Amino acid sequence: MTLMAGLATLAGSAALYPLFESTNWFWTGLGAVASVAAGGLVFRRLRLPAPLGPAGGLGALVVYLTVVYARDYAFLWFVPTPGSVRHLSDLAAEGQDAVGRYAAPVPLVPGIGLLVAAGVGVVATLVDLLAVGLRRAAPAGLPLLAMYSVPAAVRDDGVGWLAFGAGAAGFLALLMADAREHVGGWGRTVDTRRRLDEVPMAGAGAAREEGAARPDAGSLAASGRRIGVGAVAVAVLLPMAIPGVHPRLFDLHGTGGTQTVTTPDPLVSLKRELTRMDDSVVLTYQSDDPAGPDYLRLYALDRFDGDRWTYTALKSSVNDRLSGGDIPAPPGLRIAPRREVVTRVRVRQEVRNMTFLPVPYAPARVSIKGDWRVHPASLMVYSLRDSASGRTYTVRSVRAQPTPADLEAGSGYPYPAEIASRYLGVPRSVPQEVKNLARKVTDGAASAHERAVRLQHWFTQAGQYVYDLSEPAPQHGSDLVDFLLHSKRGYCEQFAAAMALLARIVGIPSRVAMGYTPGTETGQGEWTVRSRDAHAWPELYFEGSGWVRFEPTPSGSAGQGTATTPVYSQPAAPGAGQRPESSAGSSSGPSPREEESETDGAGPRHRQDDEGPQSAPLPPAEEEKRSWAVPWLAGGVLVLALLAVPMVLRVLTRRRRWAVLAVRTAPSAGPAGDTGPAADDRARGPRPSADPAGAAHAAWRELRADALDHGLHWLPSDTPRAAARRLGQLVDLDEEGERALARIARAEELARYSGSLPPAPAERLRADVRTVREAFAASVGRRARWRARLLPPSTMAEARGTLRSAGGRAAELSERLNELPRRMRRR
Amino acid sequence: MAVGTHGESFMEADPPAPRRPSPSGGDGRPGPGRGLDGLAQVANKIRDAVASVIEGKPEVVRLALTVLLAEGHLLIEDVPGVGKTMLAKALARSVDCSVRRVQFTPDLLPSDITGVSAYNQEMREFEFKPGPVFANIVVGDEINRASPKTQSALLECMEERQVTVDGTTYGLERPFMVIATQNPVEMEGTYPLPEAQRDRFTARISMGYPDPAAELEMLDAHGQASPLDRLSPVANAGDVRDLIEVVRAQHVAQSVRQYAIELVTATRGHPELRLGASPRATLHLVRAARAYAALDDRDYVVPDDVQDLAVPVLAHRLLPTAEAQVERRRPEQVVTELVHRLPVPSPRK
């Protein structure tokens with residue numbers, strides 16, 4: 001049993017595999033489990049009370065940790081001393097640190113190893129205590145589940161099926177060992193197949209495992225194992241059959257599963273690059289683009305968490321490999337004219353840790369050695385293990401060249417759902433002033449394109465922002481707000497981040513791209529990119545044109561030196577756009593002044609405009625509030641509904657019973673009503689209703705259900721009169737009630753057995769049933785009365801009966817399945 | 001067993017069946033012989049007559065009457081002195097019919113029962129002298145004292161209602177009922193009835209001791225003269241034949257028959273029984289249930305009848321296994337348990 005508990009813990013710990021880079025952690029965990037098991041075993045051998053078992057396990061765990069991690073500080077290598085304990089706690093703190101620093105999978109530094117060993121050891125102690133000490137194998141699954149949930153919570157893609165299978169099998173084995181020991185204590189096993197319906201449903205699996213103990217129950221054991229294996233297999237395979245759940249079972253062709261890509265923070269490195277004193281060459285490239293090359297993009301940051309822009313963790317799988325194949329087409333690019341560009345890039349040897357490839361957007365085919373992958377949504381090209389340093393590669397890319405008209409045309413269309421859901425989110429922490437600013441800047445703009453142009457103009461011209469590399473990198477949302485509203489000083493990061501945010505506020509999907517500007521041309525089609533050319537810029541999405549670059553950062557000597565403003569992002573020339581009244585202002589800037597149009601167009605377009613920007617940012621906030629309340633409300637309603645189910649079922653059953661009767665008796669209801677008093681007076685009764693037997697049966701079933709509801713016993717061997725007699729003894733009935741009861745029983749008896757005598761009229765029976773029910777209610781306690789009303793046991797009994805028959809059928813099926821192999825063998 | 005009394009209280013409450021006038025009260029005189037009401041009249045009279053002799057045992061009396069109406073035979077088994085013979089005689093005397101009494105002894109011969117062919121010197125031929133079985137009611141006292149040979153002489157009479165002597169078959173009278181008594185205590189010098197013989201008895205009842213009040217009453221009654229002497233017949237053989245016809249026409253619902261079959265079948269597979277009840281037992285059970293229902297003034301049989309009769313009709317036919325005997329399990333207990341366990345037939349939904 002101890003062994004099984006240990007094995008189960010170990011199997012469960014297999015689920016931890018995605019958290020670590022190497023597999024050494026397993027041996028660490030194994031040692032911890034073994035030491036705990038040994039400690040528990042020793043304590044049990046010494047016949048110490050059961051609650052001391054975990055103490056033994058924990059003691060052994062501490063000794064084990066000391067030996068492994070603090071040997072040099074301990075007395076005789078294993079006796080913990082204050083020094084060793086201090087060392088262990090230092091190590092633990094270190095591990096804590098490391099855990100905070102790394103995303104999974106983490107390298108197995110000693111600190112983390114210590115934490116893992118301690119955690120696995122504690123789980124093993126708990127499992128040991130529950131399963132061995134307290135003989136409760138089933139609850140031992142809880143600590144196992146807790147351990148299992150760690151990787152499931154940390155990793156978005158969950159835990160692989162193999163690890164799940166191992167954990168489940170371990171737990172099942174633990175249950176089996178427990179059941180075997182239980183049964184072993186009772187001697188000869190009894191064939192339970194005949195009485196399967198008496199086996200409690202929940203414990204059915206375990207109960208069937210019991211057979212494993214004895215050779216004479218071999219087939220039972222086999223069926224138990226089959227059921228166990230089958231259940232695990234179903235759990236693994238079933239999700240594939242369910243639409244909406246995407247199992248990753250067959251994604252893996254050989255190695256690994258999916259892996260989340262972790263890299264140093266791109267924004268941190270941006271600042272470092274920009275401020276490097278040496279301004280070294282990063283890469284050189286040749287481009288055949290006649291209009292001059294586009295920016296080289298490294299990252300696309302799609303998520304704004306309220307403080308900074310980051311990218312959603314990449315889920316990398318082998319399918320994303322470049323391997324010479326075509327890269328998925330850029331999203332949304334359909335109508336804008338495009339041109340194919342071939343770029344040959346050579347990255348300098350000195351560049352370190354460049355795991356993302358600088359490529360012009362949108363890459364269509366990248367030829368490079370090594371394991372490089374592409375992220376299908378953002379078209380980032382990256383590697384999990386290779387670096388671009390010193391490599392030469394060729395990129396064939398599609399360069400979209402949208403005209404302002406294209407962008408205008410795309411503005412009218414709704415965004416695809418995956419774009420809208422991913423690139424429009426604005427955190428609630430964004431202050432209202434920022435939203436107001438965004439609305440003020442784009443006030444009067446008719447289309448998304450126009451709003452985008454206005455935003456860019458605001459940053460480059462109207463807002464009077466100053467490019468200043470000495471500003472610290474923004475760390476928090478407040479820094480960004482400060483940049484936007486007050487200081488107005490920053491460098492490309494602030495500009496790009498702010499514009500992307502404002503774009504989202506006014507309802508344009510946006511993300512922040514990072515990479516390099518084209519650099520400087522050093523020869524015919526030869527370009528050199530230096531570290532100072534590192535840059536960040538916003539990309540905005542327009543239907544039909546896809547992701548389009550904007551440039552809010554001032555360029556030239558007073559800004560990012562090599563940045564260029566795209567043609568389409570410049571305000572429309574007179575006559576070209578829809579705003580002929582806005583005359584081209586100063587010729588010094590690339591864009592005309594906008595202040596006029598702000599006042600000009602305000603009147604007529606105000607309404608239209610309001611809707612644009614407001615409808616975009618407000619719904620998420622509202623929705624969030626609602627979505628916060630909805631689960632609680634729904635949960636409450638659900639709980640109430642569930643609680644009400646038995647009651648409703650009872651009422652429905654009652655209705656149904658009497659309804660059958662009402663329909664059937666309808667034709668004869670008239671005469672029965674006419675001569676009703678006569679019937680009561682025991683004269684020659686009226687012709688009874690069409691289906692008197694049905695009425696009697698209905699009344700009888702009702703009576704039975706009422707009796708059950710009020711906790712009165714009902715034996716299957718009771719005949720109607722016997723039942724009535726017994727109820728009469730159990731319940732204090734007045735004369736009227738007694739008579740009603742007798743009438744119901746008599747009617748049922750006649751209907752069942754006489755075959756010729758017509759029983760009492762249905763209406764009378766119904767009234768009788770009510771009388772008796774009231775008598776029942778009056779004679780039982782208040783608790784029973786309320787239970788009869790709210791949780792009528794009769795419906796439960798019905799449900800139980802249904803379940804039992806289903807269980808019986810399942811047992812039959814399993815028996816047949818059991819015989820299948822034998823039959824096949826015979827053949 | 002309070003079924004009888006309850007059955008009556010039961011009837012009070014419900015509206016009468018429109019087909020017939022109220023049977024309760026008993027002052028109406030529709031004349032014996034026709035239909036259920038006549039049956040109730042006659043049966044009540046017989047019952048009252050017997051009950052005037054056997055105090056405090058209405059159930060026993062009712063069972064005895066049931067067996068009479070079911071054309072069965074009755075085995076009364078009890079310790080000496082509780083009124084076995086008295087019951088048999090009272091029943092026999094209440095009905096104005098031929099009654100014979102046979103005291104079974106070890107030296108009793110089969111011909112002593114069935115009759116004998118004697119040579120008639122005058123006629124110069126063999127003449128059949130009918131034995132005591134040629135009567136409507138035959139009271140066999142201490143039947144287990146006779147040899148098996150003599151006991152089995154009763155076999156043919158009881159089942160086939162005929163006697164074959166010297167190749168000639170003589171039919172017996174109708175109604176024909178054997179009331180046998182036996183004493184389970186004095187086992188020395190007795191021959192327990194073979195299974196085949198027991199199976200022919202419709203029911204076995206035991207008298208049981210009377211309660212103190214009944215016993216006191218009995219003392220008073222027996223003080224002056226034997227109450228048996230005061231008993232005058234209240235019905236004749238023709239009445240009983242009519243009653244039997246009425247009983248035969250009783251309605252037994254399909255579900256009740258099924259129930260009887262299930263009950264009997266359950267005894268056959270019971271782990272504590274070496275021998276279960278025979279198909280004849282089923283027959284007897286349903287027949288007795290008909291009579292029982294008729295005595296309850298019903299023209300249909302309910303499972304209650306079957307339940308009430310299960311022990312008297314079935315128990316004496318069952319043989320417990322050796323283990324059950326060691327555990328002192330009696331067939332009566334087994335049957336009672338079966339009755340409590342078996343669900344009664346109810347209409348399907």
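Colleague: Why is Leu379(A) called buried?

Modeller: Leu379(A) has a relative accessible area of 0%, and buried means under 20%, so the residue falls in that class. The model is a predicted one, and the values discussed here are computed from it.

Colleague: Why is Arg328(B) called exposed?

Modeller: The relative accessible area of Arg328(B) is 72%, and the class begins over 50%, so Arg328(B) is exposed. Arg328(B) also has a positive phi, near 55 degrees, and is a residue other than glycine. Its place is the loop between helix H14 (322–326) and helix H15 (331–341) of chain B.

Colleague: What makes the bond from Tyr361(A) to Ala362(A) a cis peptide bond?

Modeller: Its omega is near -5 degrees. Ala362(A) belongs to the loop between E8 and E9 of chain A. In chain B, the bond joining Arg174(B) and Pro175(B) is cis as well, with omega about -5 degrees. Pro175(B) is found in the loop between strand E8 (168–171) and strand E9 (177–182) of chain B.

Colleague: Why are strand E8 (359–360) and strand E19 (546–549) of chain A said to stand at the edges?

Modeller: The open sheet has five strands in the order E8-E3-E15-E18-E19 (chain A), paired antiparallel. Strands E8 and E19 of chain A each have a single partner strand, so one side of each is without a neighbour in the sheet.

Colleague: How do you know that strand E18 (residues 534–542) of chain A and E19(A) pair?

Modeller: Two strands pair if at least two bridges are found between them, and E18(A) and E19(A) have four, in the antiparallel sense. Leu540(A) stands opposite Val548(A) in E19(A).

Colleague: Which strands pair with strand E12 (residues 392–400) of chain A?

Modeller: Strand E7 (residues 338–347) of chain A pairs with E12(A) in the antiparallel sense over nine bridges. Here Glu340(A) stands opposite Val398(A). Strand E9 (residues 363–367) of chain A is also antiparallel to E12(A), over four bridges. In that pairing Ser367(A) faces Thr394(A).

Colleague: How do you know that the length of helix H5 (residues 110–133) of chain A agrees with its number of residues?

Modeller: At 1.5 Å a residue, the 24 residues of H5(A) should span 34 Å, and the end C-alpha atoms are 32 Å apart, which agrees. Just after H5(A), Arg135(A) has a positive phi of about 60 degrees.

Colleague: What makes the contact of Arg773(A) and Glu702(A) a salt bridge?

Modeller: The N to O distance is 3.9 Å, and the cut-off is within 4 Å. Arg773(A) lies in helix H24 (residues 762–779) and Glu702(A) in helix H21 (residues 692–709) of chain A, so the pair ties together parts that are 71 residues apart in sequence. Glu702(A) has 0% relative accessibility and therefore counts as buried.

Colleague: What are the details of the salt bridge between Asp768(A) and Arg743(A)?

Modeller: Their side chains meet at 2.7 Å, N to O. Asp768(A) is in helix H24 and Arg743(A) in helix H23 (residues 735–754) of chain A, 25 residues apart. Both Asp768(A) and Arg743(A) are buried.

Colleague: Why are Glu195(B) and Arg198(B) said to be separated by about one helical turn?

Modeller: They are three residues apart in helix H7 (residues 195–200) of chain B, which means a separation of about one helical turn. Glu195(B), at 39% relative accessibility, counts as partly exposed, whereas Arg198(B), at 17%, counts as buried.

Colleague: How many disulfides does the count give?

Modeller: The count over all chains is zero; a pair would need its cysteine sulfur atoms within 2.5 Å. Cys492(A), at 0% relative accessibility, counts as buried, and Cys97(B) is buried at 16%.

How values were computed: Residues numbered from 1 in each chain as written. Chains lettered and ligands numbered in written order. Predicted model: local features only at pLDDT ≥ 70, side-chain atom pairs only at ≥ 80, totals over all residues. Heavy atoms only, no water. Helix = DSSP H or I, 4+ residues; strand = E, 2+ residues; numbered from the N terminus. Buried < 20%, exposed > 50% of the residue type's maximum accessible area, 1.4 Å probe, protein only. Expected span 1.5 Å × (residues − 1).
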